[in-house]
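Here are my notes on the model you sent. Please read them with the sequence and the structure open.

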Amino acid sequence: MGKESDSGRGGKAAGTRRRVDEEAKASFVAALGESVRREEAAKAEGFSSEAFYYARRRDRVFRLAWIWALELAAADHR
């Protein structure tokens, strides 16, 4: 049986889904820090933005990294 996940990423057999892993989270946060829109950053990793919001709820460190990346990106634009 496939693993339960937050992603409906295509290209996999029905019932198997890839979970947002640490590598995807790091790339997503880096993109946010470069002022890339959330939807575009998620799509670049092969996930929906909703998948990252679910991961954010489960992972406190990821949530803080997301917030810091947005704050740093905003500071760069000042």
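1. Basis. This is a predicted model, in which local features need pLDDT of at least 70 and side-chain atom pairs count only at pLDDT 80 or more, while totals for chains, interfaces and linings use all residues. Residues are numbered from 1 along each chain as its sequence is written, and side-chain values use heavy atoms, with hydrogens and water left out.

2. Overall content. The protein has four helices and zero strands, and its pattern along the sequence is α-α-α-α. Helices here are DSSP runs of H or I with at least four residues, strands are runs of E with at least two, and both are numbered from the N terminus.

3. Burial and surface. The protein has 78 residues, of which 27% count as buried. Buried means under 20% relative accessible area, exposed over 50%, and partly exposed in between, with a 1.4 Å probe and protein chains only. Of the contacts between residues at least 6 apart in sequence, 50% join residues at least 24 apart; contact means heavy atoms within 4.5 Å.

4. α1 against α4. How do helix α1 and helix α4 cross? The axes of α1 (residues 22-33) and α4 (residues 60-76) come within 7 Å and cross at roughly 20°. The two helices are therefore roughly parallel to each other. Axes are lines fitted to C-alpha atoms, for helices over the stretch in contact, and angles run from 0 to 180 degrees between N-to-C directions. Angles under 35 degrees count as roughly parallel, over 145 as roughly antiparallel, 65 to 115 as roughly perpendicular, and the rest as oblique.

5. Residues of that contact. From α1 come Lys25, Phe28, Val29, Leu32 and Gly33, and from α4 come Phe62, Ala65, Trp66, Ala69, Leu70, Ala73 and Asp76. By class, they are nine nonpolar, one polar and two charged. Ala, Val, Leu, Ile, Met, Phe, Trp, Tyr, Cys and Pro count as nonpolar, Asp, Glu, Lys and Arg as charged, and the others, Gly among them, as polar.

6. α3 against α4. The axes of helix α3 (residues 49-58) and α4 come within 5 Å and cross at roughly 120°, so this pair is oblique. Phe52, Tyr53, Ala55, Arg56, Arg57 and Arg58 of α3 meet Arg60, Phe62, Arg63, Trp66 and Ile67 of α4. This contact holds six nonpolar, no polar and five charged residues.

7. Lys25. Leaving aside residues up to four places away in sequence, Lys25 touches Val20, Phe52, Ala55, Asp59 and Phe62.

8. Val29. Val29 also sits in helix α1 and counts as buried, at 16% relative accessibility. Beyond residues up to four places away in sequence, Val29 touches Phe62, Ala65, Trp66 and Ala69. Val29 and Trp66 are 37 residues apart in sequence, with 5.6 Å from C-alpha to C-alpha.

9. Asp76. Asp76 belongs to helix α4 and counts as exposed, at 64% relative accessibility. The C-alpha atoms of Asp76 and Glu34 are 9.0 Å apart, and the two residues are 42 residues apart along the chain.
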